[in-house]
Every structure is written in structure tokens, then in C-alpha cells.
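These are my notebook entries on one structure, kept in the order in which I looked things up. I wrote each entry for a reader who can follow along in the model.

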Amino acid sequence: MRKQKLRRTNTTGIAGVSYCTTRGRWVANINTDVGRLTFFVPDLFEACCIRKSLENVHGYETIQ
């Protein structure tokens, strides 16, 4: 399931990046063979960069 379209409910435009209202931070998520990786960061740009770099490392593609 590494090649999937963005969900219709996605508001950021980046798969795996969302805003956590309880912590007040941006979240970058990715599922790997080992398990789920989650990063909480204060900036949207930083969350997008983390997600894209993890996609490159783990061989993900997002179809748009």
C-alpha cells in the first residue's frame, strides 16, 4: 500500500502530514516495515520535509 492517492479529506496536500490540536503541533506519520514512525514538530514546512525525506528512504510514492 505504498502507492496511494491522497485522501479526499486531506487538508494539507501532503500525505501523512496533519495538525494535532491536542498538542498544538504538526504531525508527520509514515508506516514502515518495522512500525509506525511519528514526528511532532512546530512548523508545517518542517513536517512536510520530514515526511518527504522518509518517503525517499522507505520507497513510498504518492500518486496525485
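This is a predicted model: local features need pLDDT of at least 70, side-chain atom pairs count only at pLDDT 80 or more; totals for chains, interfaces and linings use all residues.

**Entry on Arg51**

I located Arg51 in helix H1.

Next I looked up the polar partners of the Arg51 side chain. A polar atom of that side chain lies 3.0 Å from the backbone oxygen of Ala15. The side chain of Arg51 also makes a polar contact of 2.9 Å with the side chain of Glu55.

I then listed the contacts of Arg51, leaving aside neighbours within four places in sequence. The list holds Ile14, Ala15, Gly16, Val17, Ala28, Asn29, Ile30 and Tyr60.

**Entry on Glu55**

Glu55 is found in helix H1. I noted a relative accessible area of 5% for Glu55, which means that this residue is buried.

**Entry on the chain as a whole**

I stepped back to the protein chain and recorded 1 helix and 5 strands. Read along the sequence, I find the pattern β-β-β-β-α-β.

I also looked up the overall dimensions. The C-alpha trace spans about 30 × 25 × 20 Å along its principal axes. For 64 residues, a compact globule would have a radius of gyration near 11 Å, and the chain has 11 Å, so the two agree.

Buried residues make up 28% of the 64 residues. Of the contacts between residues at least 6 apart in sequence, I noted that 37% join residues at least 24 apart.

**Entry on the sheet**

Which strands form the open sheet, and in what order? I recorded 3 strands in the order S2-S3-S4, with antiparallel pairing. Strand S2 (17–20) and strand S4 (36–41) are the edge strands, and each of them pairs on one side only. Neighbouring strands of the sheet are turned by 30° against each other on average, direction ignored.

I then noted where helix H1 (residues 44–58) stands. Helix H1 packs on the sheet and touches S2, S3 and S4. The direction of H1 makes about 10° with that of S3.

**Entry on the strand pairs**

I took the two pairings in turn. S2 and S3 run antiparallel and are joined by 4 bridges. One bridge I looked up belongs to Val17, whose partner in S3 is Ala28. S2 and S3 form a hairpin with 4 residues between them. In the turn of that hairpin, Gly24 has a positive phi of about 70°.

Strand S3 (residues 25–31) pairs with S4 over 6 bridges, again in the antiparallel sense. Here I looked up Ile30, whose bridge partner in S4 is Leu37.

**Entry on the nonpolar core**

How many residues does the largest nonpolar core have? I counted 11 in the listing: Ile14, Val17, Trp26, Ala28, Ile30, Val41, Ala47, Cys48, Ile50, Leu54 and Tyr60. S3 and H1 are the elements that give two or more residues to this core. H1 gives the most, with 4 residues.

Apart from neighbours within four places in sequence, Ala47 is in contact with Val17, Trp26, Ala28 and Val41.

**Entry on Val27 and Val34**

I ended with two valines. Val27 lies in strand S3, whereas Val34 has its place in the loop between S3 and S4.

Not counting residues up to four places away in sequence, Val27 touches Gly16, Val17, Ser18, Cys20, Thr38, Phe39 and Phe40. I also recorded two C-alpha separations. Val27 and Leu44 are 17 residues apart along the chain, with 8.4 Å between their C-alpha atoms. Val34 and Ala15 are 19 residues apart in sequence and 19 Å apart in space.

Conventions
Residues are numbered from 1 along each chain as its sequence is written. Side-chain values use heavy atoms; hydrogens and water are left out. Two strands pair if DSSP finds at least two bridges between them. Axes are lines fitted to C-alpha atoms, for helices over the stretch in contact, and angles run from 0 to 180 degrees between N-to-C directions. Contact means heavy atoms within 4.5 Å. Buried means under 20% relative accessible area, exposed over 50%, partly exposed in between (1.4 Å probe, protein chains only). A nonpolar core is a set of buried Ala, Val, Leu, Ile, Met, Phe, Trp, Tyr and Cys residues joined through side-chain atoms within 4.5 Å. The radius of gyration is taken over C-alpha atoms; the globule rule is 2.2 Å times the number of residues to the power 0.38. A polar contact is a pair of N or O atoms within 3.5 Å; within protein, one must be able to donate a hydrogen and the other to accept it, and residues adjacent in sequence count only if both atoms are side-chain atoms.
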